[in-house]
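The sequence and the model come first.

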Amino acid sequence: MSKESTKKTAPTIIITGTPGVGKSTHAQLLAQESPAPLKHINVGDLVKEKNLYESYDEEWQSYEVDEDKLLDELEPIAAAGGVILDWHTCEIFPERWADLVVVLRCNHTKLWERLESRGYPLKKIQENNEAEIMEVVLEEARSSYAQEIVVELQSEGTEDLEANVARIVEWVKAWQRDQASANDSG
Ligand SMILES: Nc1ncnc2c1ncn2[C@@H]1O[C@H](COP(=O)(O)OP(=O)(O)O)[C@@H](O)[C@H]1O
């Protein structure tokens with residue numbers, strides 16, 4: 001772990017996964033229940049609010065993100081800690097930012113229904129569904145971060161949501177204990 005990260009009073013957690021898997025739902029509950037203050041940043045919303053994009057694709061109803069601008073915007077926030085970064089991709093985030101990377105997964109039939117109810121165009125639903133089946137985001141996370149900080153969790157029903165958040169809360173408590181003992185000994 002870097003020197004900067006030992007000065008953080010709360011961790012930086014990335015919650016990622018295919019659109020519709022439940023990232024924002026998890027991030028909101030985690031922000032409420034965490035013993036350390038965590039601010040939920042929905043990266044897609046931030047991109048729109050701060051104009052961190054190059055263009056908008058009508059056909060796919062999605063933004064072409066300006067990655068340099070996005071990384072500049074997020075750098076001080078992620079480095080300071082106390083944040084949940086909620087986005088459908090994670091590989092552009094520098095490895096040093098993340099203390100924990102949660103990859104949410106969902107059964108593809110259920111995911112299809114969630115995306116349909118969002119009114120996504122058919123091909124966008126198909127593309128996302130295929131990405132979920134092919135484990136694209138999980139592979140991205142595993143190839144971008146140390147194996148031991150990447151956790152794959154199912155997100156199909158409310159029980160999953162509650163159990164997942166409880167598990168991450170326990171992880172935050174352990175992170176706090178580690179930081180306290182590192183500070184005592186250092
Ligand atoms: N574990 C879950 N239990 C029940 N509903 C869920 C769960 N995960 C997601 N949902 C529902 O699926 C929809 C998409 O969730 P959302 O958090 O917006 O996904 P994402 O942020 O990954 O795009 C929402 O209606 C949400 O309530």
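The model is predicted. Its largest nonpolar core has 36 residues. Those with the most contacts inside this core are Ile-14, Ile-84, Leu-85, Val-101 and Val-102. Leaving aside residues up to four places away in sequence, Ile-84 touches Ile-13, Ile-15, Ala-27, Leu-30, Ala-31, Leu-38, His-40 and Ile-41.

Leu-74 belongs to helix H4, which spans residues 67-80. Is Leu-74 buried or exposed? Leu-74 has 22 C-beta neighbours inside 10 Å and therefore counts as buried, since the cut-off for burial is 20 or more.

Helices H5 (residues 108-117) and H6 (residues 122-133) pack with their axes 10 Å apart, at an angle of about 150°. Angles over 145 degrees count as roughly antiparallel, so that term applies to H5 and H6. The crossing of H5 past H6 is right-handed. The residues that make the contact are listed by helix.

| Helix | Residues in the contact |
|---|---|
| H5 | His-108, Leu-111, Trp-112, Leu-115, Glu-116 |
| H6 | Ile-125, Asn-128, Asn-129, Glu-132, Ile-133 |

Sorted by class, the contact of H5 with H6 comprises five nonpolar, three polar and two charged residues.

Definitions and conventions. Residues numbered from 1 in each chain as written. Predicted model: local features only at pLDDT ≥ 70, side-chain atom pairs only at ≥ 80, totals over all residues. Core = buried A, V, L, I, M, F, W, Y, C linked by C-beta atoms within 7 Å. Buried ≥ 20, exposed ≤ 12 C-beta atoms within 10 Å, placed from the backbone. Contact = placed C-beta atoms within 7 Å. Axes fitted to C-alpha atoms, helices over the stretch in contact; angles between N-to-C directions. Helix = DSSP H or I, 4+ residues; strand = E, 2+ residues; numbered from the N terminus. Parallel < 35°, antiparallel > 145°, perpendicular 65-115°, else oblique. Left-handed = near helix turned anticlockwise from the far one by under 90°. Nonpolar A, V, L, I, M, F, W, Y, C, P; charged D, E, K, R; others polar.
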